[in-house]
Amino acid sequence: MNRAIFLDRDGTLNYDSRDYIKNLSEFKLYPFTISALQILSSLGFKLVIISNQACIGKGLTTEEAVEEIHSFLQSELKSNGIILDGVYYCPHRKEDNCDCRKPAIGNVRRAAADFAIDLSQSYFIGDSPKDVLTGRNAGCCTIRVATGVWQDEPVEYSGAEIEPDYKSDNLLSAAQLIALLERGKE
Ligand SMILES: [Mg+2]
Ligand SMILES: [Zn+2]
């Protein structure tokens, strides 16, 4: 079985916006993202993005524009020696009640089946309570990063206790934390 790092996209890998990231010109990686992913990749994890892109369902952007972002990201990472194993995104709106919009775990399950991933040995990293809940629903270890624009979100999930297993300043400190945790297992 493989192990994976499931990654939220906006606010975790790249600067987020409350108006969505709708096209490549709005997509900008954080300065530490490449280093962080190099660490995680060197630890032997599959790297898989799990993203909600309701901006498609709302008609604010298109699948093509979103896939252009992902092709750019794939090649940017590849040129830095990082294999991004999968990108799974939900194009639906909340009202669509699909099984792939986080905190539902349809996309995590699909990735787990595609790459023979042991979810209980994997991590979910994201910047919002929704990510923490997704990781928990999937049985992964959860890390919440303090980047992004949803730090004071609770909104949708107020009432639910959504504490991650770990909190990190950003993706790089999360990667360093995982490296430490992995060393402890040896
Ligand atoms: Mg996010
Ligand atoms: Zn969906």
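A residue is called buried if 20 or more other C-beta atoms, placed from the backbone, lie within 10 Å of its own, exposed if 12 or fewer do, and partly exposed in between. The model shown in these views is predicted, and local features need pLDDT of at least 70, side-chain atom pairs count only at pLDDT 80 or more, and totals for chains, interfaces and linings use all residues. Residues are numbered from 1 along each chain as its sequence is written, and chains are lettered from A and ligands numbered from 1 in the order in which they are written.

**View 1. Asparagine 14 in the loop between β1 (4-7) and α1.** Asparagine 14 counts as buried because it has 20 C-beta neighbours inside 10 Å. Leaving out residues up to four places away in sequence, asparagine 14 touches Arg9, Ile21, Phe27, Lys28, Leu29 and Tyr30, where contact requires C-beta atoms within 7 Å. Lysine 28 is 14 residues from asparagine 14 in sequence, yet their C-alpha atoms are 5.4 Å apart. Helices (H or I, at least four residues) and strands (E, at least two) are DSSP runs numbered from the N terminus.

**View 2. Tyrosine 20, in the loop between β1 and α1.** Although tyrosine 20 is not a glycine, its phi is positive, at about 75 degrees. With 17 other C-beta atoms within 10 Å, tyrosine 20 is partly exposed.

**View 3. The loop between β3 (86-90) and α4, with proline 103 and asparagine 97.** The peptide bond that leads from lysine 102 to proline 103 is cis, with omega near 15 degrees. Asparagine 97, a residue other than glycine, has a positive phi near 50 degrees, and with 9 C-beta neighbours inside 10 Å asparagine 97 counts as exposed.

**View 4. Helix α5 (residues 129-138), which is mostly covered.** Eight of the 10 residues of α5 are buried, among them Pro129, Val132, Leu133 and Ala138, and also Lys130 and Asp131. The elements that cover the buried residues of α5 include β1, β2 (46-52), α4 (106-115), β4 (123-126) and β5 (141-145). Just after α5, glycine 139 takes a positive phi of about 80 degrees.

**View 5. Isoleucine 5 and its contacts.** Apart from its neighbours within four places in sequence, isoleucine 5 is in contact with Leu40, Phe45, Leu47, Ser122, Tyr123 and Ile125.

Technical notes
Contact = placed C-beta atoms within 7 Å.
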